[in-house]
Amino acid sequence: MALIRATLPVVEPGRTEIHLPHWDGIEQQHGFIHGGVVGMIADSAAGYAAMTLVPADASVLTVEYKMNLMAPAEGERLIARGEVVRAGRTLIVTRAEVLALRDGSERPCALMQQTIMVMRARPEKLDAPPVA
């Protein structure tokens, strides 16, 4: 997340938000935020939402997601809102909505549904950089 200048300002049980400022290093050829980056923040927001519901000695791993890019990702920033739909013992189903903030209003630009696998007794790498 540090690489793309994203922050994680909202972390609640089963819900997170990632905020991403629009800057030229993440644009595609038309000046929109690249779809790969949109997918990255959707995957991360939903994955972090799942992480809030697993035991401290566990981690999560995305096993599948489907994303619809509904509109160009253009605006001052993107907000990816991730939430848990259903938390099972082994699999967690999540969703994320990515909104483009432009001139004070939010416009949906992507919608994702995801399946997460709980990795029991397998904590995150200790040397992973923290999310700002």
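Biologist: I'd like to start with the sheet: how do β5 and β6 pair, and over how many bridges?

Modeller: Keep in mind that this is a predicted model. Strand β6 covers residues 105-119, and it pairs with β5 in the antiparallel sense over 12 bridges. To find your place in that pairing, look for Leu99, which stands opposite Pro108 in β6.

Biologist: And what links those two strands?

Modeller: A hairpin with 2 residues between the strands, where Asp103 takes a positive phi near 55 degrees.

Biologist: Which way do β4 and β5 run relative to each other, parallel or antiparallel?

Modeller: Antiparallel again: 10 bridges join β4 (residues 77-87) to β5 (residues 91-102). Here the hairpin goes through 3 residues. A handy landmark is Gly82, opposite Ala96 in β5.

Biologist: How should I think about the side chains on strands like these?

Modeller: In a regular strand, side chains alternate between the two faces of the sheet. Leaving out residues up to four places away in sequence, Leu78 touches Ile18, His19, Leu20, Ile33, Val38, Ile41, Ala73, Val98, Leu99, Ala100 and Cys109.

Biologist: Which residues have the most contacts inside the largest nonpolar core?

Modeller: Ile4, Ile18, Leu20, Ile33, Ile41, Leu78 and Val98, in a core of 25 residues. The elements giving two or more residues to this core are β2 (15-21), α1 (35-51), β4, β5 and β6. Of these, α1 gives the most, with 6 residues. Apart from this core lies another, of 9 residues, with Ala49, Ala50, Val84 and Ile92 among them.

Biologist: Now a charged residue. Is Glu64 buried, exposed or in between, and what is its relative accessible area?

Modeller: Glu64 lies in strand β3 (residues 59-69). Its relative accessible area is 37%, so Glu64 counts as partly exposed. Setting aside neighbours within four places in sequence, Glu64 is in contact with Gln113, Gln114 and Thr115. By contrast, Glu74 is 10 residues from Glu64 in sequence, yet their C-alpha atoms are 26 Å apart.

Biologist: What about aromatic rings: how is a pair described?

Modeller: By the distance of the ring centres and the angle of the planes. In this structure there are 0 aromatic pairs. There is a charge over a ring, though: the charged end of Arg5 sits over the ring of Trp23, 3.7 Å from its centre.

Biologist: Last one: which residues does the "domain: Thioesterase" annotation cover?

Modeller: Residues 30-100, according to the UniProt annotation, which comes from an unreviewed entry. Over that stretch the chain is 24% helix and 45% strand, and the end C-alpha atoms are 16 Å apart.

Definitions and conventions. Residues numbered from 1 in each chain as written. Predicted model: local features only at pLDDT ≥ 70, side-chain atom pairs only at ≥ 80, totals over all residues. Heavy atoms only, no water. Pairing = 2+ DSSP bridges. Helix = DSSP H or I, 4+ residues; strand = E, 2+ residues; numbered from the N terminus. UniProt positions renumbered as here; feature names shortened; annotations may be inferred. Phe/Tyr/Trp six-rings, centres within 6.5 Å; stacked < 30°, edge-to-face > 60°. Lys NZ or Arg CZ within 6 Å of the ring centre and 35° of its normal. Core = buried A, V, L, I, M, F, W, Y, C linked by side-chain atoms within 4.5 Å. Buried < 20%, exposed > 50% of the residue type's maximum accessible area, 1.4 Å probe, protein only. Contact = heavy atoms within 4.5 Å.
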